[in-house]
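Good morning, and thank you for joining.

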Amino acid sequence: GAARGHARRHSGPIESSAKLDTGHHVPSVGQLTPPLLLREATVNFRLKSFVGCDIGGTLSKIVFFEPFDCKRPEIKRRCDFLKSATTYGKTGRRDPKLEIERWGGRFHFLQFQTNHLDAAVNLLKAHSAHHEFADSSVPVTGGGAYKYEKFLQSELRMGVHKVDELTCLLTGLNFALEHVPDECFFLEHKGPGQLPHRRAHSMAGVFPYLLVNIGSGVSILRVDSAKEFKRVGGSCLGGGTYWGLCRLMLGAKSFKEAMSLGTQGNHHAVDMLVGDIYGGDYGRFNLKASTVASAFGKLVMDEEMKVSKTDAAASLLHMVGSNIAQLAYMCAREHGIKRILFAGNFLRMNMTSAIYLSSSINYWSQGNTKALFLRHEGYFGSLGALLMSKGPSTAPSTPTGSPGETGESAKINEEEKPSESCRENDGDDEEGEEEETKKYSVEGEEEEKDEGGGRGGADCSQECSKECR
């Protein structure tokens with residue numbers, strides 16, 4: 001959480017020099033291309049702020065930009081402080097493996113629990129970092145931009161520049177799809193008992209697609225182009241539901257603890273399955289014996305049954321994920337869309353739910369609709385808020401109408417991009433902390449843990465949670 005305190009006080013935009021490739025055509029938003037060889041050229045890249053915040057109901061996410069050649073010592077000093085640790089206070093955490101090098105600097109990604117916002121501010125004050133907020137304006141999106149505006153103004157003397165949530169989401173997503181070659185991927189299921197293979201997925205020509213953003217709740221957007229989207233559905237069953245029930249039933253005190261419980265358990269030990277009812281598969285409707293018929297249904301079958309915390313959490317995780325998957329598929333079917341992108345902080349450190357979502361979409365669509373996932377899930381809102389702090393001629397406009405209402409169209413102006421493609425950071429992929437992860441198998445080759453970065457071809461080396469099997 002202390003990372004919030006290092007937004008720098010400055011009187012003008014941050015200037016940085018970016019090396020560009022002057023001999024290649026830049027792909028349109030949504031395309032993915034490998035990093036290109038660079039030729040010397042420079043362009044001025046200007047940001048009015050170098051930090052963007054997304055204050056959600058459950059988690060707050062922060063992206064800050066570190067210019068490599070910044071001449072201002074106070075900015076460099078604060079960036080060095082942020083990079084000196086990966087945890088801040090009780091819930092603050094930086095994701096170094098998600099860093100993106102672009103436009104003569106590096107984008108860093110942090111998060112903390114929103115209910116620790118006051119503790120984060122106190123931590124800033126303890127390190128005398130809160131002075132850098134004074135008389136500055138920081139782009140903030142999410143419901144917390146409204147809920148905590150007065151609190152931030154009074155405690156940090158900072159201006160809160162509120163930015164539309166869905167516009168930020170799409171702006172950040174489009175940036176990542178364009179500039180991170182392996183941002184998008186899908187899970188290829190080989191068969192029962194086998195680990196799914198992660199495959200990189202090109203987003204060229206992907207429009208329209210369905211974007212399912214899983215935060216505290218769920219928003220479902222139909223995206224028709226880089227400039228236009230429409231909210232077509234949503235649900236109150238989301239990450240906040242899972243965490244809230246884990247706290248109520250199992251005493252989980254943090255989102256990390258709730259996720260740890262859910263990814264270690266076995267939901268089949270608690271859920272009533274088709275096989276428990278029919279004694280095997282139900283062939284008429286192609287329902288396998290392992291298909292869940294009733295979440296927590298085994299508790300009805302056996303009154304003396306003892307349930308572990310991990311199995312109960314796994315059942316909750318599967319219940320929430322399965323409901324989101326079915327709702328997403330129904331929306332995709334209604335709109336005739338074959339690609340569904342799942343995003344949101346609920347999926348960070350939670351490959352188990354990604355597998356549930358992928359297998360459910362594959363089952364219901366009989367393989368005709370693809371579930372896609374994203375490396376920087378959960379951070380697109382804060383990344384978009386930061387990018388929208390560029391000069392007035394480049395900032396996307398807020399959506400027309402009311403994007404929070406189903407069926408209301410919203411348009412954004414395509415973000416101004418450098419005239420050529422820039423280089424990409426060769427950092428590792430990350431799907432959770434090392435002690436909680438397990439590698440995917442890659443067909444035809446033996447994987448090794450990559451400590452130094454680099455990436456392969458379409459078959460990406462990837463770590464996932466222990467219960468991905």
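The model is a predicted one: local features need pLDDT of at least 70, side-chain atom pairs count only at pLDDT 80 or more, and totals for chains, interfaces and linings use all residues. Residues are numbered from 1 along each chain as its sequence is written, and side-chain values use heavy atoms, with hydrogens and water left out.

First, the chain as a whole. Of its 469 residues, 54% count as buried, where buried means under 20% relative accessible area, exposed means over 50%, and partly exposed lies in between, with a 1.4 Å probe and protein chains only. The accessible surface comes to about 20,200 Å², and carbon and sulfur atoms hold 49% of that area; such areas come from the Shrake-Rupley method with a 1.4 Å probe, and for residues only the protein chains shown count as cover. The protein chain has 12 helices and 22 strands. These are DSSP runs, numbered from the N terminus: helices are H or I with at least four residues, and strands are E with at least two. Among contacts with a separation of 6 or more, 70% join residues 24 or more positions apart, a contact being heavy atoms within 4.5 Å.

I now turn to the aromatic rings. A pair of aromatic rings is described by the distance of the centres and the angle of the planes. Here, rings of Phe, Tyr and Trp (its six-membered ring) pair if their centres lie within 6.5 Å; planes under 30 degrees apart count as stacked, over 60 as edge-to-face, and the rest as tilted. How many aromatic pairs does this rule give? The count is 12. Y278 and Y282 are stacked, because their ring centres are 4.3 Å apart and their planes stand at 15 degrees. Y282 also pairs with F285, this time edge-to-face, at 5.5 Å centre to centre and 75 degrees between the planes. As to accessibility, Y278 is partly exposed at 48%, Y282 is partly exposed at 22%, and F285 is partly exposed at 49%. Elsewhere, F65, W103, F107 and F175 make up one aromatic cluster.

Two rings also carry a charge over the face, by the rule that NZ of Lys or CZ of Arg is within 6 Å of the ring centre and within 35 degrees of the ring normal. The charged end of R198 sits over F185, 3.8 Å from the ring centre. K370 lies over the face of F186, at 4.1 Å from the ring centre.

Strand β11, residues 184-188, is largely enclosed by the rest of the structure, because 4 of its 5 residues are buried. Which strands pair with β11? Strand β19 (residues 370-374) does so in the antiparallel sense over 2 bridges, and strand β12 (residues 197-200) is likewise antiparallel, over 4 bridges; pairing requires that DSSP finds at least two bridges. F185 stands opposite F373 in β19, while its bridge partner in β12 is A200.

Helix α11 (residues 351-365) has 15 residues and reaches 21 Å from its first C-alpha to its last, close to the 21 Å expected, the expected span being 1.5 Å times one less than the number of residues. Of those 15 residues, 11 are buried, including M351, I355, Y356 and L357. Just after α11, Q366 takes a positive phi of about 55 degrees. In helix α12 (residues 380-387), 8 of the 8 residues are buried, among them F380, L383 and L387.

Finally, two single residues. L221 is found in strand β14, residues 218-223, and is buried at 1% relative accessibility. Not counting residues up to four places away in sequence, L221 touches a set that includes L166, L169, L170, Y209 and F229. K288 is in the loop between α8 (274-278) and β17 (292-294). Leaving aside neighbours within four places in sequence, K288 is in contact with V274 and D281. K288 and V274 are 14 residues apart in sequence and 6.9 Å apart in space, C-alpha to C-alpha.

Thank you; I welcome your questions.
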